[in-house]
Amino acid sequence: MTERNVPFFNYPALFAERGDEYVDTLREVMARGAYIMQKDLIQFEEELADFLGAKHVIGVADGTVALTMSLKASGIGAGDEVIVSSHTFVATAAAVHHVGAIPVICDCLPDSMMDPASAASMISEKTRAIMPTQLNGRTSDMNAIGAIAKEHGLKIVEDSCQALGASFGGTKAGLFGLAGSYSFFPAKTLGCFGDGGAIVTNSDDAAAAIRQMRDHGRGADGKVRAFGHNGRLDNIQAAILRLKLARYDDAIARRRAIASRYQAGLHDVAQLLLPPAPDSDNLRFDIFQNYEIQAENRDGLREQLAAKNVGTIIQWGGWMLHQFDDLGLRAHAPYAEEMSKRYMMLPMHHMLADDDVDYVIEQVRAFYA
Ligand SMILES: *Cc1c(COP(=O)(O)O)cnc(C)c1O
């Protein structure tokens, strides 16, 4: 195959795809002077709630503040322990820390999801919640986690920042606990042109509390009832997100098709562990935020791919959460430690052409041949 250039993610292409529409939207919204909590935000919240089949969506400033406010809304606070998977973004644990609680780190499974048995083994008398990360656009085993939570009287607070539209047993990621969080960071499956996030909930009370929290603790009448955050989703970003949400199902379908193509092209390479294929699991609908593999001689493979103009990334820079030792986290995650030497991500976004995917497959196969 002729040489190609397949960057890990292509930000300029993301704009070029629908550049005129984006610029027209910006002009229209800005000419109206509609920046904070205007109709575009309200419309986006309604449309995303429809997409999720949920009662309330509250647009917020980013995924991290979404996690923080969903923990607060769930009643997690000072001295509480929250069990978090080692294979997650630091933001999951930071949100726990910033509400005054203590993140306790458990192991993950070969599919990158929280290991429910490991989570159960970290429960103490201070544990109040389990916080599974629905990583890479896939959901954790919510039957097992739900059973553990029920047995020990724990709350579930999901980090579903990477899993907008994924589901498990017919329930959408984000709707297993009281309030779920999403991120619209530009490279997320539904990305805006800056920072953005949302919280989903079916509870009227939680929705009201979160609406107040995201706007400095003010009620609709302007009266401050508690200390809150400046945690609002910009109206301009909401207007852009409306455009993207209208085509979100197509973007997910494309990601799943790319995952199937990688699966067909790489399943027989003995040196690799691939993520579960799109239809390998009748409980789950995965949206493939990332295509994360485990590879023998990972660093050699990445170097070879880079030389062939294929971009790859190692999530979290190569450190699992408890390996940031300056954070001093209590942890037991031996599998994650092994995985940290082998894991990496291949290009995965809806703008990839079949020829791009085939080129990546060919270069990976050539490395191990
Ligand atoms: C992106 C992400 C977040 C936080 O998102 P921001 O919008 O960047 O604050 C949290 N958790 C996970 C797993 C993420 O991937």
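Where does the ligand sit? Select the ligand and look around: the ligand sits in the largest pocket. (To sit there, more than half of its atoms must lie within 2 Å of the pocket's grid points.) Before you go on, this is a predicted model, where local features need pLDDT of at least 70, side-chain atom pairs count only at pLDDT 80 or more, and totals for chains, interfaces and linings use all residues. Residues are numbered from 1 along each chain as its sequence is written, and side-chain values use heavy atoms, leaving out hydrogens and water.

**Stop one: the ligand's neighbours**

Next, select Gly63, Thr64, Asp159, Ser183 and Lys188, which come nearest among the 14 residues around the ligand. (Being near takes a heavy atom within 4 Å.) That shell has five nonpolar, six polar and three charged residues, with Gly counted as polar.

**Stop two: the polar contacts**

A polar contact here is a pair of N or O atoms within 3.5 Å.

- Glycine 63: a polar backbone atom is 2.7 Å from an oxygen atom of the ligand.
- Aspartate 159: a polar side-chain atom lies 2.7 Å from a ligand nitrogen atom.
- Glutamine 162: an N or O atom in the side chain is 2.9 Å from a ligand oxygen atom.

**Stop three: helix H4**

Now pick residues 63-73. This is helix H4, which gives the most to the shell around the ligand, with three residues. (Helices are DSSP runs of H or I, at least four residues, numbered from the N terminus.) H4 also gives the most to the lining of the largest pocket, again with three residues.

Terms used:
A polar contact is a pair of N or O atoms within 3.5 Å; within protein, one must be able to donate a hydrogen and the other to accept it, and residues adjacent in sequence count only if both atoms are side-chain atoms. On a 1 Å grid over the protein atoms alone, a cavity is a set of points where a 1.4 Å probe fits but cannot get out, and a pocket is an open set with protein on both sides within 12 Å along at least five of seven lines; lining residues have an atom within 4 Å of a point. Helices (H or I, at least four residues) and strands (E, at least two) are DSSP runs, numbered from the N terminus.
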